[in-house]
Structures are given as C-alpha cells and as structure tokens.
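Morning, everyone. I have one structure to walk through today. Let me put it on the screen.

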Amino acid sequence: MSFFYSKDNLVALHFKYDQSRRRFVEWAQNEIAVVPDFHKRILFSDEAHFWLNGYVNKQNCRIWSEANPQVYVETPLHPEKLTVWCALWAGGVIGPYFFKNDEGHNVRVHGDRYRAMITNFFIPELNNHHVQELGFQQDGATCHTARATIDLLKDTLGDRLISRFGPVNWPPRSCDLTPLDYFL
C-alpha cells in the first residue's frame with residue numbers, strides 16, 4: 001500500500017499540526033500567567049546518541065562559523081553507539097542514564113527498556129530529589145509514547161506529564177525545545 005499526499009492534504013496536515021502547537025502555546029502562556037517562573041518547574045528529558053567510532057551526530061551538535069567547512073566523514077553503516085538519557089530542570093539534573101543490558105553492552109532503546117529506566121532509575125531519583133511538584137516533558141519518540149509508557153507516567157505524574165498522548169499534549173512534529181538538545 002502506498003500513501004500519496006496531495007497539496008491540499010499536506011496543507012490540512014500542516015494546519016492540524018499548527019492547531020496543536022497553538023493549543024500548546026496557549027496552555028504554556030496561561031501557566032506562565034499564573035506562575036511566572038513556570039519554565040523552572042519543568043523537567044525536560046531526552047536521549048542523545050554517542051557513536052563510539054568518533055562520528056558526531058550533527059543533530060545534537062551546533063557549529064557556528066562564518067564559512068561552511070565542507071567536511072565529509074565516511075562512517076560505517078551501523079557503528080556502535082551509546083544512548084544516554086537525562087532530565088534537566090532549573091534546580092539540577094537527573095541522570096545520566098546509560099542504556100546497557102545486564103552484560104554491560106550498549107543497547108537500543110525501545111518501550112520495555114525505556115519503561116524499565118523510568119521504573120528503576122527515574123522514579124527513585126525523582127523521589128530522592130523531592131521534586132514531585134515538577135512537570136515532566138518528553139518528546140514524541142515511539143518508546144515515550146507507547147500506551148504502556150504513557151500509562152506508567154500518568155500513574156506516576158498525574159496531570160504533570162507533558163507528552164504526546166499525555167494530559168498536556170506535546171504537539172506532533174514539534175521542534176524539540178528542550179535545553180538538553182543544546183547541552184547533552
């Protein structure tokens with residue numbers, strides 16, 4: 001089965017995403033009107049991938065230069081990488097958490113592994129930091145938005161979850177606004 005989007009379908013799709021983003025911005029503006037330092041009460045979370053062969057992920061690396069360096073780097077098709085998760089808020093950091101299996105080997109992140117990290121690492125750390133009043137933001141990665149993951153986070157955080165399919169809906173196809181994209 002193939003999917004074809006006409007210009008009208010794409011315009012409707014973008015309008016739908018724009019409406020979701022607009023609702024999110026209005027929610028955030030209302031929160032800021034009530035609590036001016038609202039942005040300091042959010043735990044921003046994300047993962048980053050670090051390739052062990054020296055390759056640099058340009059999505060997580062910003063290079064500012066007057067000239068285009070025109071650098072080409074050949075890399076293996078599937079080089080070994082390490083995935084690291086972290087949560088950051090105005091009062092500190094929870095993490096890093098390195099996704100490894102029981103033998104200590106680097107592993108890919110999927111829903112079961114993400115939920116294990118939430119259960120065995122994040123929730124205990126959250127309790128240790130006494131930050132139960134903070135909101136928790138995550139992006140729309142599939143492991144984050146699996147029904148079992150959302151249910152686990154809703155049980156833990158209630159209406160303080162900012163996520164796709166959460167009580168506060170993180171808009172689809174949104175830019176990552178998390179500071180972790182610039183510091184992790």
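Start with Asn 106. Is Asn 106 buried or exposed? Asn 106 is buried, with a relative accessible area of 19%. Buried here means under 20% relative accessible area, exposed means over 50%, and partly exposed is in between, with a 1.4 Å probe and protein chains only. Keep in mind that this is a predicted model, where local features need pLDDT of at least 70, side-chain atom pairs count only at pLDDT 80 or more, and totals for chains, interfaces and linings use all residues. Residues are numbered from 1 along each chain as its sequence is written, and side-chain values use heavy atoms, with hydrogens and water left out.

Where is Asn 106? It lies in the loop between β3 and α2. Helices (H or I, at least four residues) and strands (E, at least two) are DSSP runs, numbered from the N terminus. The side chain of Asn 106 makes a polar contact with the side chain of Lys 100, at 2.9 Å. A polar contact is a pair of N or O atoms within 3.5 Å; within protein, one must be able to donate a hydrogen and the other to accept it, and residues adjacent in sequence count only if both atoms are side-chain atoms. Set aside neighbours within four places in sequence, and Asn 106 is in contact with Leu 52, Glu 80, Lys 81, Leu 82, Phe 99 and Lys 100. Contact means heavy atoms within 4.5 Å.

Now the overall layout. The protein has 5 helices and 5 strands. Along the sequence, the pattern reads α-β-β-β-α-β-α-α-β-α. Of the 184 residues, 33% count as buried. Among contacts with a separation of 6 or more, 65% come from residues 24 or more positions apart.

On to the sheet. The 5 strands form an open sheet, ordered β3-β2-β1-β4-β5, with mixed pairing. Two strands pair if DSSP finds at least two bridges between them. The edge strands are β3 (92-98) and β5 (161-162), each pairing on one side only.

Strand β2 (residues 81-89) runs antiparallel to β3, and 5 bridges join them. A hairpin links β2 to β3 through 2 residues. Ala 87 has Ile 94 in β3 as its bridge partner. Trp 85 stands opposite Tyr 97 in β3.

There is a cis peptide in this strand. Which bond is cis? The one from Gly 95 to Pro 96, with omega near 10°. Pro 96 lies in β3. Most residues other than glycine have a negative phi, and most peptide bonds are trans.

Phi brings up Phe 165. Its phi is near 70°, a positive value in a residue other than glycine. Phe 165 is in the loop between β5 and α5 (180-183). At 48% relative accessibility, Phe 165 counts as partly exposed.

Pro 171 is in the loop between β5 and α5 as well. At 3% relative accessibility, Pro 171 counts as buried. Leaving aside neighbours within four places in sequence, Pro 171 is in contact with Ser 20, Arg 21, Phe 24 and Arg 164. Pro 171 and Gly 140 are 31 residues apart in sequence, and 8.3 Å apart in space, C-alpha to C-alpha.

Next, the helices. Helix α2 (residues 111-129) lies across β1 (42-51), β2, β3 and β4 (135-137), and runs at about 155° to β3. Axes are lines fitted to C-alpha atoms, for helices over the stretch in contact, and angles run from 0 to 180 degrees between N-to-C directions. Arg 115 lies in α2. At 18% relative accessibility, Arg 115 counts as buried. Beyond neighbours within four places in sequence, Arg 115 is in contact with Ala 146, Ala 148, Thr 149 and Leu 152.

Last, helix α4 (residues 147-157). Which residues are buried in α4? Thr 149, Ile 150, Leu 153 and Leu 157. They cover an arc of only 95° around the axis, so they sit on the same side of α4. The arc is that of the directions from the helix axis to the C-beta atoms. Arg 147 and Asp 155, on the other side of α4, are exposed. What covers the buried residues of α4 includes α2, β4, α3 (142-145) and β5. After α4 comes Gly 158, with a positive phi near 65°.
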